[in-house]
Amino acid sequence: MLDGLIRKQIEPGLNSLGRMLAGRGVTADQVTLAGFGLALVAAGAIVVEAYVLAFVLILLGRLADGLDGAVARATRLSDRGGFLDITLDFAFYGLVPAAFALADPDANALAAAILLLAFYVNGASFLAFAVMAEKKKITTDQRGVKSLYFTTGLMEGAETVIFFLAFCLFPAFFSPLAYLFAALCAVTTTSRILLGWRTF
């Protein structure tokens, strides 16, 4: 829901930084992998309950996630890069709830499992829509230039990061926040299924 608005605000700065990095020989894939490395360390920080560190690492990792596209636009877009980016994005989305489950299984495991289920179904609907949109030659640039079709929804990347940061700020409230997030993801999935039903 917020991705389009935020993109308009930060894209000029990201594109400028992306051109600078590309000029120094940094590739988009390197930025993608660096961002995922930060996500892995953030997950480890959550497991050991170093939540402030995790908060910072999640922010830095998401900055890298925005920068990889900017570097790609400054050099060349590739299907391989798009594939790597979306795959590692979904890995990141799974890492954070799993890390909270490991940090405190008694308090967090059930809520993390429900949230991961919501992510799984939401991700399936997102990717299935993208595949069918490609098959039908449907395109959009509402979320910027992407390697695959991005449908809009109530819960998108920005909202996910906001919830993840809230988890780190208020770890004692992980379970209620996770249940709320899962419910909102279900709304997004339902709306996308209805959109797909009408579109295809």
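Predicted model: local features only at pLDDT ≥ 70, side-chain atom pairs only at ≥ 80, totals over all residues.
Is Gly123 buried or exposed, and what is its relative accessible area?

Residues are numbered from 1 along each chain as its sequence is written, and side-chain values use heavy atoms, with hydrogens and water left out.

Select Gly123, which lies in helix H5 (helices are DSSP runs of H or I, at least four residues, numbered from the N terminus). Gly123 is buried, with a relative accessible area of 5% (buried means under 20%, with a 1.4 Å probe and protein chains only).

Next, select the whole of H5, residues 105–135. At 1.5 Å a residue, its 31 residues should span 45 Å, and the end C-alpha atoms are 42 Å apart, which agrees (the expected span is 1.5 Å times one less than the number of residues). Just after H5, Lys137 has a positive phi of about 60 degrees.

Finally, select H4 (residues 79–103) and H6 (residues 157–169), which pack at an angle of about 20 degrees with their axes 11 Å apart (axes are lines fitted to C-alpha atoms over the stretch in contact, and angles run from 0 to 180 degrees between N-to-C directions). H4 and H6 are therefore roughly parallel (angles under 35 degrees). Their contact (heavy atoms within 4.5 Å) includes Tyr93 and Phe100 of H4 and Phe164 of H6.

Note on methods. Helix = DSSP H or I, 4+ residues; strand = E, 2+ residues; numbered from the N terminus. Parallel < 35°, antiparallel > 145°, perpendicular 65-115°, else oblique. Buried < 20%, exposed > 50% of the residue type's maximum accessible area, 1.4 Å probe, protein only.
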